[in-house]
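Welcome! Please take a look at the sequence and the model below, and then let us walk through a metal site and a group of rings together.

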Amino acid sequence: MRILVLEDEHIIATSLKIGLEQESYAVDLAFDGDEGLHLASTEEYDLILMDRLLPGMDGIEIVKQLREQKIHTPILMLTAKGQIVDRVEGLDFGADDYLVKPFAFEELLARIRALIRRPKEGDRITLSFEDLSLDTTTYEVKRAGKKIKLSNKEFALLEFLLRHPNQIISKEKIRSHVWNYDADILPNTIEVYIRFLRNKIDKPFKDRPALIHTERGFGYKVGLGE
Ligand code: CA
């Protein structure tokens with residue numbers, strides 16, 4: 001899942017990026033309104049985390065323009081204490097939620113999960129396919145009841161595939177949701193990560209059907225094959 005962080009205070013922006021990357025999100029940063037609007041309207045994000053007050057174009061104007069362009073990426077707005085009017089205004093123009101600064105990082109993560117993953121029952125959401133399951137809150141991955149340890153990127157890739165079971169997902173789509181804008185990604189990077197996943201999810205379970213499939217020339221899917 002890929003997030004655009006739009007925040008003009010570099011120290012806050014950078015610490016948000018580091019924190020979110022540790023939680024397996026791919027993160028792009030923008031430091032002013034115009035750059036933010038440009039990235040938000042040309043790249044694919046799963047969420048935009050946006051400061052209300054920005055140099056260039058301000059947060060509410062960006063929300064307005066994105067919604068006018070029919071871009072419905074969930075937007076979580078950060079506002080300073082006491083800007084109640086701004087908050088209401090932001091929600092009126094199409095932001096999905098807001099958080100008052102300063103906030104606890106855990107609170108931010110919970111809000112992000114709620115917007116991206118839209119859990120219906122409680123805070124926890126588990127994605128599963130056949131005997132494979134992935135818990136987006138605890139990061140636990142299991143197959144046939146056995147725990148599987150994944151790296152951050154492996155987890156992010158598996159999560160993205162598991163959100164679209166039985167669908168072939170193109171490499172381009174994977175790249176834009178699992179890696180950030182300036183990630184050093186080589187032509188075979190996704191292939192390599194798919195291999196890592198197979199080695200952990202399919203290979204050790206030889207008596208069970210393979211779940212990760214390559215559609216040559218198109219992309220990859222989690223499914224039961226033909
Ligand atoms: Ca600001």
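## The calcium site

The calcium ion is held by Asp8 (OD), Asp51 (OD) and Leu53 (O), at 2.1 to 2.4 Å. Donors here are N, O and S atoms within 2.8 Å of the metal (3.2 Å for Na, K and Ca), and since water is not among the atoms, sites may look incomplete. Along the chain, the donors of the calcium ion are spaced as D-x42-D-x1-L. Asp8 sits in the loop between β1 (2-6) and α1 (10-22) and Asp51 in strand β3 (residues 47-51), so this pair ties together parts that are 43 residues apart in sequence. Helices (H or I, at least four residues) and strands (E, at least two) are DSSP runs, numbered from the N terminus.

Asp51 is buried, with a relative accessible area of 6%, whereas Asp8 is partly exposed at 26%. Buried means under 20% relative accessible area, exposed over 50%, and partly exposed in between (1.4 Å probe, protein chains only).

## The aromatic pairs

Searching the whole structure gives three aromatic pairs. One of them is Trp179 with Tyr193, edge-to-face at 5.5 Å centre to centre and 70 degrees between the planes. Rings of Phe, Tyr and Trp (its six-membered ring) pair if their centres lie within 6.5 Å; planes under 30 degrees apart count as stacked, over 60 as edge-to-face and the rest as tilted.

Trp179, Tyr193 and Phe196 form one aromatic cluster.

## About the model

This is a predicted model, where local features need pLDDT of at least 70 and side-chain atom pairs count only at pLDDT 80 or more, while totals for chains, interfaces and linings use all residues. Residues are numbered from 1 along each chain as its sequence is written, and side-chain values use heavy atoms, leaving out hydrogens and water.
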